[in-house]
Amino acid sequence: MSSVEDILAAENELTHLLGAQQAVVLSTRIRLARNLDGMPFPGWAKVPQRKEISDRCIEALDALPKFRRGHVLRMGELADRDRAVLVERHLVSKELAAGKSGAAVISRDQTCSVMVNEEDHLRIQVVKAGWHLRGTWHIAEQLDDALGGSLKLAFSDRLGYLTACPTNVGTGLRASAMVHLPGLCLAGHMDKVSRALNQDGLAVRGWLGEGTEAAGNVFQISNQQTLGLSEEAILKHLGGWIKNVVEQEWNARRKLAQEEGEKFVDRLARSLGVLRSARLLTSSEAMNMLSHLRLACDMGCLPEERRHLVDRLMIEGQPAHVQARAGQELDSDGRDRRRATVVREALKDFPEVAPPTA
Amino acid sequence: MSQPIKCSLCEEAATVHLSQVVHGNVTKVHLCEACAQKGGATDPAVFQLADALTTASPAPTLTCPKCGFTDIDFRKRGRLGCPSCWETFGDALGGLLLKVQHEASHVGRTPVGTMPTGQLRRRLDAARLEMEKAISAEDYEAAARLRDEIAGLEQQLATA
């Protein structure tokens with residue numbers, strides 16, 4: 001079994017965890033950019049230097065208890081589809097997957113993944129399902145300290161952690177939450193919320209990060225500034241806004257449910273109907289209808305314990321996942337057919353959509 | 001037919017065109033597909049970056065002694081060559097840093113066991129301020145965390 005197949009088969013937080021903490025906030029992510037002292041950044045390094053960087057970083061990571069029985073994946077050795085699966089799972093970025101000299105070291109439980117030779121030598125990422133800013137930060141901080149113990153990191157007294165791009169220098173910290181905002185989208189408030197977040201220094205992006213669309217009403221909200229603020233201040237700023245956005249989302253949902261009444265339930269029920277009987281499902285269609293099912297689970301229209309199944313379908317309905325599960329390359333129609341089959345099977349014994357209780 | 005517009009960062013034909021309006025002044029940045037992708041053209045911070053780059057002077061004046069990276073390379077890539085580039089280009093980047101970051105000096109964490117005294121003092125000042133704010137906002141959980149951090153910093157300073 002290849003490592004990527006192993007990753008697909010393993011149960012992990014994002015696809016199998018049950019918990020009320022996950023309404024609205026799908027996941028919390030911390031990313032730290034770090035570089036080795038005295039080595040050119042990956043984009044400027046020569047091939048042998050990139051190899052040296054990769055070897056040194058992987059050796060240091062491999063020795064950490066966190067990565068025991070984990071995965072070391074060198075992009076140059078993986079098939080295109082396997083790299084695409086890793087991108088869809090947010091374990092590596094599109095940029096890392098596109099190059100040959102990058103690698104990813106992933107913990108067994110898939111909560112920690114470190115990208116080697118992306119834009120910076122090291123990109124430490126920690127992801128937890130639901131809203132857990134402190135817990136996620138704590139793990140990243142420990143990993144950072146452990147790595148700093150075995151590698152000499154590029155750091156300046158005045159500018160902090162030195163990175164390839166000026167947008168990351170200082171803390172190198174990007175903290176983000178993946179949020180599901182169907183209420184704000186349906187009510188037409190998303191542009192306004194996005195603008196307010198932008199004006200206060202937060203970026204709003206689509207499901208797969210930079211430059212992607214917000215399929216399924218899922219957005220990633222993250223800090224922009226990395227210099228001149230302590231990690232504590234950055235986390236506090238993001239945390240305050242996420243709390244605010246979650247509140248606004250619930251208000252929008254309750255208002256919609258109340259004002260629309262039967263129409264609200266009808267919309268969710270229709271999505272379940274289509275997902276349960278469609279023979280061909282495109283990726284964006286599936287995402288948008290699964291978003292309705294997730295909303296239904298949050299609102300008590302469907303049992304809450306079904307929500308993790310919806311989350312799993314959102315991840316596994318993406319093109320590379322569908323093909324990996326089928327074990328073969330599929331054309332667009334083939335993928336749509338296969339996706340519809342997987343979704344139909346999964347939702348077979350779903351109960352009917354009931355009026356909201358939340 | 002008119003000449004295609006060239007990318008502001010490299011010589012390729014530009015296909016992505018960004019316009020920024022600040023107080024009625026329109027600034028335009030043209031990017032090729034590759035540079036737009038690389039820079040994440042939808043990211044406002046990167047947009048500001050591209051903005052600053054295109055208004056910089058065109059003559060190559062600085063070279064990193066460690067890795068040979070020049071200011072022309074930076075204008076093309078928007079990324080630096082190596083950690084030492086920060087010393088070479090630090091002053092030249094000052095304005096740009098303030099534009100994308102709003103601050104020019106680090107107050108956050110440091111690698112384990114290496115916190116220099118200046119850094120310690122700056123962090124201590126910042127932590128004290130944050131604690132006062134936390135107390136007035138009645139966020140006692142944050143205040144307690146900061147109090148512990150301050151105690152730790154004071155001890156480190158005393159033994160430094």
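Which residue in β10(A) is the bridge partner of A:A203? The bridge partner is A:S222, and the strands around this residue are the topic of the opening views of this predicted model.

**View 1. The open sheet of chain A is built from eight strands.** The strand order is β2-β3-β4-β5-β1-β8-β10-β9, with antiparallel pairing. The edges are taken by β2 (71–74) and β9 (202–205) of chain A, each of which has a single partner strand, so one side of each lacks a neighbour in the sheet. On average, neighbouring strands of this sheet are turned by 20 degrees against each other, direction ignored.

**View 2. Strands β1 and β8 of chain A form an antiparallel pair.** Seven bridges connect β1 (residues 25–34) with β8 (residues 173–180). Within this pair, A:T28 of chain A is placed opposite A:A177 in β8(A).

**View 3. Strand β10(A) is joined by bridges to β8(A) and to β9(A).** The antiparallel strands β8(A) and β10(A) are linked by five bridges. Here A:S176 has A:S222 in β10(A) as its bridge partner. Four bridges link β9(A) to β10(A), again with the strands running antiparallel. On this side, A:S222 in β10(A) is the bridge partner of A:A203.

**View 4. Both faces of strand β10(A) are covered.** Six of the six residues of β10(A) are buried. One side of β10(A) carries the buried residues A:V218, A:Q220 and A:S222. Helix α8 (residues 190–199) of chain A lies across β9 and β10 (218–223) of chain A. The helix runs at about 145 degrees to β9(A).

**View 5. Helices α13 and α14 of chain A pack against each other at about 80 degrees.** The axes of α13 (residues 319–326) and α14 (residues 332–347) are 10 Å apart. Because angles from 65 to 115 degrees count as roughly perpendicular, α13(A) is described as roughly perpendicular to α14(A). From α13(A), the contact is made by A:P319, A:V322, A:Q323, A:R325 and A:A326. The residues contributed by α14(A) are A:R335, A:R338, A:R339 and A:V342. By type, the contact residues divide into four nonpolar, one polar and four charged.

**View 6. Chain B is in contact with chain A.** The contact involves 42 residues of chain B and 41 residues of chain A. On the side of chain B that touches chain A, at least two residues come from each of α2 (44–54), α4 (85–101) and α5 (117–136) of chain B. Helix α4(B) gives the largest share of that side, six residues. The residues of this side of chain B comprise 22 nonpolar, 13 polar and seven charged. The model has an ipTM of 0.85 and a pTM of 0.80.

**View 7. Chain B contains six helices and two strands.** From the N terminus on, its elements follow the order β-β-α-α-α-α-α-α. Of the 160 residues of chain B, 31% count as buried. The average pLDDT of chain B is 78, and 70% of the residues score at least 70. Among the elements of this chain, α2(B) has the lowest mean pLDDT, 56. The highest, 90, belongs to helix α3 (residues 71–77) of chain B.

Key
Residues numbered from 1 in each chain as written. Chains lettered and ligands numbered in written order. Predicted model: local features only at pLDDT ≥ 70, side-chain atom pairs only at ≥ 80, totals over all residues. Contact = placed C-beta atoms within 7 Å. Nonpolar A, V, L, I, M, F, W, Y, C, P; charged D, E, K, R; others polar. pLDDT = per-residue confidence, 0-100. Pairing = 2+ DSSP bridges. Axes fitted to C-alpha atoms, helices over the stretch in contact; angles between N-to-C directions. Parallel < 35°, antiparallel > 145°, perpendicular 65-115°, else oblique. Buried ≥ 20, exposed ≤ 12 C-beta atoms within 10 Å, placed from the backbone.
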